[in-house]
Amino acid sequence: MRAAGQTGRMSDRPTAVVTGASSGIGAATARALAEAGFHVVLGARRVDRLEEIAGEIDGTALRLDVTDKASVAEFVAGVPECRLLVNNAGGAKGLEPVAEADEDDWRWMYEANVIGTLRMTQGLLPALRASGDGHIITVTSIAALGPYDNGAGYTGAKHAQAMLHRTLRGELLGEPIRLTEIAPGMVETDFSLVRFGGDREKADNVYKGLTPLSADDVADVIAFAATRPSHVNLDQITLMPRAQAGPGRVHREP
Ligand code: 8X3
């Protein structure tokens, strides 16, 4: 991999910001990027978890709630330099048909996935520009590629997040900023536990009878995209377990 070397004020290493870094794909990405030579600024609400990971990888832990405008402003003020932004924070709540969908769940999904990505991107764009070699990686989902039954709140939010990200590819053309969308399928993290409001059995059933992706599998791909030469833009990467052919299309061993 290309060594990610450039001098910055926060560290001798280039700075990467990872949102939602206290667990799952975010935590694994923070570790993988540190391994690739970045100084990682980890953002999430659970600061104790962040500090643990930051301690392991010589990174920086900063409290961040992407659904709160003031929290994002405070976070951004603590990041004077940034070469890479990984928009990872977000998630799903609920899995109901539209007829029964919960308005508060939908509101949260739009706030976390869409407005959160908008705020982080707006906040760090000046620093990404100033780096002279910026990169925005947004973790969307296969839910950003088409609809699936009972998923309209999440697929709608992920489509909107993806449109924000993909629109930037054109708007920033000519500037030294790359854009990569990562669209994972089934990844075994807290994702389903959050989606089902803490129902462990329901969450475990999602991954039963197949080998899902791990957070590390996704983090590997993110680190790969981040360490290509500056003129190489990986626009969109979709990754799923071998046993998955699309949303809800899986092969399970008995
Ligand atoms: C998670 C993948 O298929 O549950 O983003 O929507 S899926």
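1. The crossing of H3 and H4 is right-handed, where a crossing counts as right-handed if the near helix is turned clockwise from the far one by less than a right angle, and as left-handed if anticlockwise. This is a predicted model, in which local features need pLDDT of at least 70 and side-chain atom pairs count only at pLDDT 80 or more, while totals for chains, interfaces and linings use all residues. Residues are numbered from 1 along each chain as its sequence is written, and side-chain values use heavy atoms, with hydrogens and water left out.

2. Helices H3 (residues 69–77) and H4 (residues 103–131) have axes that come within 10 Å and cross at roughly 30°, which makes H3 roughly parallel to H4. Helices here are DSSP runs (H or I, at least four residues) numbered from the N terminus; axes are lines fitted to C-alpha atoms over the stretch in contact, with angles from 0 to 180 degrees between N-to-C directions. Angles under 35 degrees count as roughly parallel, over 145 as roughly antiparallel, 65 to 115 as roughly perpendicular, and the rest as oblique.

3. On the H3 side, Lys 69, Val 72, Phe 75 and Val 76 meet Arg 119, Met 120, Gly 123 and Leu 124 of H4, contact meaning heavy atoms within 4.5 Å. These residues divide into 5 nonpolar, 1 polar and 2 charged, with Ala, Val, Leu, Ile, Met, Phe, Trp, Tyr, Cys and Pro counted as nonpolar, Asp, Glu, Lys and Arg as charged, and the others, Gly among them, as polar.

4. The axes of H1 (residues 24–35) and H2 (residues 47–57) come within 10 Å and cross at roughly 15°, so the two helices are roughly parallel to each other. Ala 27, Ala 30, Arg 31 and Ala 34 of H1 make the contact with Ile 53, Glu 56 and Ile 57 of H2, a set of 5 nonpolar, no polar and 2 charged residues.

5. H1 also packs against H8 (residues 215–226), with axes that come within 8 Å and cross at roughly 45°, which makes H1 oblique to H8. The residues of this contact divide into 10 nonpolar, 2 polar and 1 charged.

6. Which residues are around the ligand? They are Ser 141, Ile 142, Ala 143, Tyr 148, Tyr 154, Gly 185, Phe 191 and Arg 195, each with a heavy atom within 4 Å of the ligand. A polar side-chain atom of Ser 141 lies 2.6 Å from an oxygen atom of the ligand, and polar side-chain atoms of Tyr 148 and Tyr 154 each lie 2.7 Å from a ligand oxygen atom.

Methods. Polar contact = N/O pair within 3.5 Å; in protein donor to acceptor, adjacent residues only side chain to side chain.
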